[in-house]
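Here is a brief report on one protein model.

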Amino acid sequence: MRLYTLLASAKINLYLEIVGDRSDGYHELVMVMQSVDLADRVTVRSIGADEIRLRCDHPEVPTDGSNLAVRAAQLLVDTFPSVMAKHGGVEITIEKRIPVGAGLAGGSTNAASVLVGLDMLWKLGLTQRELQDLGARLGSDVPFCIVGGTAIATGRGEVIHSLNGLDNLYAVLAKYRSLSVSTPWAYTTYRQQFGHTYIADATEQVARRQLVHSSEMIAAIAHQDGASIGCHLSNDLEKVVLPAHAKVTQLREVMAQTGKLGTLMSGSGPTVFTLAASAAEADAILNRVRQTLPDPDLDLWPVRFTQTGIRLEG
Ligand code: C5P
């Protein structure tokens, strides 16, 4: 096979708690992640020249070595130095459907799909665990993006514990096209404002990490109880992103008034989502939000929860 086309799912955070600082400069997190069926289409194709090329149809996505997808391919070349001599180079094509700078792990899921696609194209025979370990070197969300579904993510976000998948839930995602939030800014600001609440002791951090398994959110997921999941949605980063962005706060209020199950900002934002029990309910919420906020800059997507992170198209 000379090319593979993969669908790379976006994620939302049903829960994001910042536990404390880590010695590597990152934050110790407890998160519950969920894949949704809004996905980029990523093709990896063998080319003759020994190089990594990237094409993307979105004008704001860099196509040079700073793109996480290119860095994913480079990481494999560095780890397996003979692959290009054997198989040639690669052209990566990204058809972008996930908004950029949105808190939906768009860049991370592209990198995850390049790892999965090149593992097949270059016949590397890597296990999912090996792919996740490589992914963790690229970004904290990449390991989850490889696995997908519903999962607890701890550590920096790279330690994944998969849960029984939720696939009977829907959501409406909403994002102002012209607005994006820098993830480092969100974490740095959180540290400045809430650093005094951090758990400093490493043993206590581990204890906090374990508590999530017996939390009400995890019980709600185990029971596939959409109403209870909605009641326990939580994201610490809302505390810094919402006060800095009045439009996102207003959007969140409108979404919360419109959807019955629960509303939250995803990751470092500024995407806000509201849960829905069916595709029809998601469509109705979307239409009502659009009527209440008829701003041409506001994009809305109805999505379904999905069990897969990266999958072959077709
Ligand atoms: O891992 P990733 O490159 O996606 O993280 C982006 C930024 O988010 C980091 O540079 C850091 O500022 C912040 N971050 C953090 N703690 C984490 C994950 C991310 O402080 N666990």
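## A buried serine

S266 has 0% relative accessibility, so S266 counts as buried, the cut-off being under 20%. The model is predicted. S266 sits in the loop between β9 (263-265) and β10 (272-276). A polar atom of the S266 side chain lies 3.3 Å from the backbone nitrogen of N13. Leaving aside residues up to four places away in sequence, S266 touches K11, I12, N13, A102, G103, L104, N235, T271 and F273.

## The α1 and α3 pair

Two packed helices are described by the angle between their axes and the distance between the axes. Helix α1 (residues 68-79) and helix α3 (residues 106-121) have axes that come within 8 Å and cross at roughly 30°. The crossing of α1 past α3 is right-handed. The table lists the residues that make the contact.

| Helix | Contact residues |
|---|---|
| α1 | L68, A69, A72, A73, L76 |
| α3 | G107, S108, N110, A111, V114, L115, L118 |

By type, the residues of this α1 with α3 contact divide into nine nonpolar, three polar and no charged.

## The whole chain

The protein has twelve helices and twelve strands. Its C-alpha trace spans about 55 × 50 × 35 Å along the principal axes. The radius of gyration is 19 Å, which agrees with a compact globule, because 314 residues in such a globule would give a value near 20 Å. Of the 314 residues, 58% count as buried. Among contacts between residues at least 6 apart in sequence, 76% join residues at least 24 apart.

Terms used:
Residues are numbered from 1 along each chain as its sequence is written. This is a predicted model: local features need pLDDT of at least 70, side-chain atom pairs count only at pLDDT 80 or more; totals for chains, interfaces and linings use all residues. Side-chain values use heavy atoms; hydrogens and water are left out. Axes are lines fitted to C-alpha atoms, for helices over the stretch in contact, and angles run from 0 to 180 degrees between N-to-C directions. Helices (H or I, at least four residues) and strands (E, at least two) are DSSP runs, numbered from the N terminus. A crossing is left-handed if the near helix is turned anticlockwise from the far one by less than a right angle, and right-handed if clockwise. Contact means heavy atoms within 4.5 Å. Ala, Val, Leu, Ile, Met, Phe, Trp, Tyr, Cys and Pro count as nonpolar, Asp, Glu, Lys and Arg as charged, and the others, Gly among them, as polar. Buried means under 20% relative accessible area, exposed over 50%, partly exposed in between (1.4 Å probe, protein chains only). A polar contact is a pair of N or O atoms within 3.5 Å; within protein, one must be able to donate a hydrogen and the other to accept it, and residues adjacent in sequence count only if both atoms are side-chain atoms. The radius of gyration is taken over C-alpha atoms; the globule rule is 2.2 Å times the number of residues to the power 0.38.
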